[in-house]
Amino acid sequence: MSSISHSASSAHAPVARERAATSATTVTSTAVARYSFAGVRLLLAVEFLWAFGDKLFGWGLGTPTERAWINGGSPTAGYLGGVEGPFAGFFGALAGNVVIDWLFMLGLLGIGLALALGIGMRIAAGAGALLMLLMWFASMPLENNPFVDYHLVDAVLLIGLAAFLAGDTFGLGKQWARLPLVKRFPVLR
């Protein structure tokens, strides 16, 4: 009887080791994914906040100081005013419009802060993806690739970050999700 139970337990040992190895790999993969997506979220936060700061203060990299918003410049006039291609008329009409300037700047700031803090990821992802898609259309025709540029990649990444709850790692997403208002309106998650 003892040899039968020993045989049965030794037959299950490889299966148990394989399950343990698979479980450890899954835990490691999940952790790597969580931290990677948190890193991407923070990088995109810097991208949006940098654009906001540069347009507001004119740090001299993308926006010259004399064209900064605080110096009377328009954050949309340069980019949208120079659009060529199939959507030039549409975007040209928006260039320099005070309402569009405010929406653009509030969008950059709000999306950037939400990404940095890891809160309101669904709204930030939706708004950010819309902004990136509009900028992708404004970039047509693309210089280096007929279809893909970073605007399109960022739009897809933003949606993935919200779906993956990337604000929960290195962010305030879990605490945010416990707020009564967020529980009542899950779109705020």
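In the predicted model, the protein chain exposes about 11300 Å² of surface, of which carbon and sulfur atoms supply 70%. Of its 189 residues, 31% count as buried. The secondary structure comes to 8 helices and 0 strands, so that the order of elements along the sequence reads α-α-α-α-α-α-α-α. Among the contacts with a sequence separation of 6 or more, 61% are made by residues 24 or more positions apart.

Helix α5 spans residues 121-138 and contains 18 residues. The distance from its first C-alpha to its last is 25 Å, close to the 26 Å expected at 1.5 Å a residue. The buried residues in α5 include the alanines Ala124, Ala125, Ala129 and Ala138, together with Met121, Met132, Met135 and Trp136. Gly128 and Leu131 of α5 are likewise buried.

Helix α6, formed by residues 150-163, has 14 residues. It reaches 20 Å between its first and last C-alpha, close to the expected 20 Å. Its buried residues are His151, Leu152, Asp154, Ala155, Leu158, Leu161 and Ala162. After α6 comes leucine 165, which has a positive phi, near 55 degrees.

Tryptophan 176 is located in helix α7, which covers residues 173-177. This tryptophan counts as partly exposed because its relative accessibility is 25%, a value between the limits of 20% for buried and 50% for exposed residues. When residues up to four places away in sequence are not counted, tryptophan 176 touches Ile119, Gly120, Val182, Leu188 and Arg189. With leucine 188, one of these partners, the separation is 12 residues in sequence and 8.9 Å in space, C-alpha to C-alpha.

Technical notes:
Residues numbered from 1 in each chain as written. Predicted model: local features only at pLDDT ≥ 70, side-chain atom pairs only at ≥ 80, totals over all residues. Heavy atoms only, no water. Helix = DSSP H or I, 4+ residues; strand = E, 2+ residues; numbered from the N terminus. Buried < 20%, exposed > 50% of the residue type's maximum accessible area, 1.4 Å probe, protein only. Contact = heavy atoms within 4.5 Å. Expected span 1.5 Å × (residues − 1). Areas by Shrake-Rupley, 256 points an atom, 1.4 Å probe, with all protein chains shown as cover.
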